[in-house]
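Open the structure in your viewer and keep the selection tool at hand. Each stop below says what to select next and what is there.

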Amino acid sequence: MALPSPPPARVFAELLPAPAPVPAPAPSGREVHVSGSAELSAGPDRARVLLRLGSRKEAAGAARSSVARRLEYIAQSARQRGVPEENMTVTEDFSRVENTYQMEAEVCIIFSDFGKMQNVCNLLIEKLGTSVTISPPHFYHTPEAVDTLRRQVCVAAVGNTRRKAQEVCRLFGQSLGKPLLIKEEETKEWGGHIDSHLSNSPDSLTLQERIQNATAYASCRVFAVFEIKGKENRRHKLL
């Protein structure tokens, strides 16, 4: 008896020759290589002022209350002029000196509005007189302000580089294409300086001189490669 014929073969997968890779378009070689730079500055965005006050009395309560009344007046004056509570820090020290009690306090106030800072300090000097000592303001930058300056100077350098490339292409009647490479080559940061005719003593500086002294500077140099497109369409440009 003859064996039954086998069922027809079923193909589950078939290996086909891989298609030939599509060659990448050869670079035209029409490129413009340029470098550009920028330098920016930013004034300080914060100022820290320290106020010191104290009292020495034979009675402990009298020393405490004398300082407490002035502390409350300082805090109230700052709050009324828009200084948030979290921007004020008070440090107190109570001690016994010979046969008296001494109460000392230091108030640190952070200002973001320098006009308000001047108003508060002038008011406290007028109302409290010599019972409070106000240190000259210390101006500085927050980390956010420094990061903003770094980004701005980098973007400005890239913009200057692109404009330079456009001018070069326009000089030869060409138009600028897309960027092929943008590389940040060098960045520098430095603080403000005091002019030689100014005194080295911080107490002798005016408010504007202090702000200038605290001004931050940053520079950036970038290198870029741009594609050169066809000739510039002057008719389209005129339209």
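**Before selecting**

This is a predicted model, in which local features need pLDDT of at least 70 and side-chain atom pairs count only at pLDDT 80 or more, while totals for chains, interfaces and linings use all residues. Numbering starts from 1 along each chain as its sequence is written, and side-chain values use heavy atoms, with hydrogens and water left out.

**Whole chain**

Show the protein chain as a cartoon: 5 helices and 8 strands are there. These elements are DSSP runs numbered from the N terminus, with helices being H or I of at least four residues and strands being E of at least two. Followed from the N terminus, their order is β-β-α-β-β-α-β-β-α-β-α-β-α.

Of the 239 residues in the protein chain, 30% count as buried. Buried means under 20% relative accessible area, exposed means over 50%, and partly exposed lies in between, for a 1.4 Å probe and protein chains only. Among contacts (heavy atoms within 4.5 Å), take those in the protein chain with a separation of 6 or more: 81% of them join residues 24 or more positions apart.

In soluble globular proteins, nonpolar side chains tend to be buried together.

Now centre on M117. Apart from neighbours within four places in sequence, M117 is in contact with A47, V49, F111, P137, F139 and L207.

**The α1 and α2 pair**

Select α1 and α2 together. How do their axes cross? The two axes come within 10 Å and cross at roughly 150 degrees. Axes are lines fitted to C-alpha atoms, for helices over the stretch in contact, and angles run from 0 to 180 degrees between N-to-C directions. Angles over 145 degrees count as roughly antiparallel, under 35 as roughly parallel, 65 to 115 as roughly perpendicular and the rest as oblique. The helices α1 and α2 are therefore roughly antiparallel to each other.

To see where they touch, show R70, Y73, I74, S77 and A78 in α1, which meet V120, L123, L124, K127 and L128 in α2.

Go to R162, in helix α3 (residues 143-171). R162 counts as partly exposed, at 43% relative accessibility. Beyond neighbours within four places in sequence, R162 is in contact with L176 and F226. The C-alpha atoms of R162 and F226 are 8.4 Å apart, although 64 residues separate them along the chain.

Next, select E98 in the loop between β3 (88-97) and β4. E98 is not a glycine, yet has a positive phi of about 55 degrees. Most residues other than glycine have a negative phi. E98 is exposed, with a relative accessible area of 70%.

End at P84, in the loop between α1 and β3. P84 is partly exposed at 32% relative accessibility. From P84 to I110 is 9.1 Å, C-alpha to C-alpha, and 26 residues in sequence.
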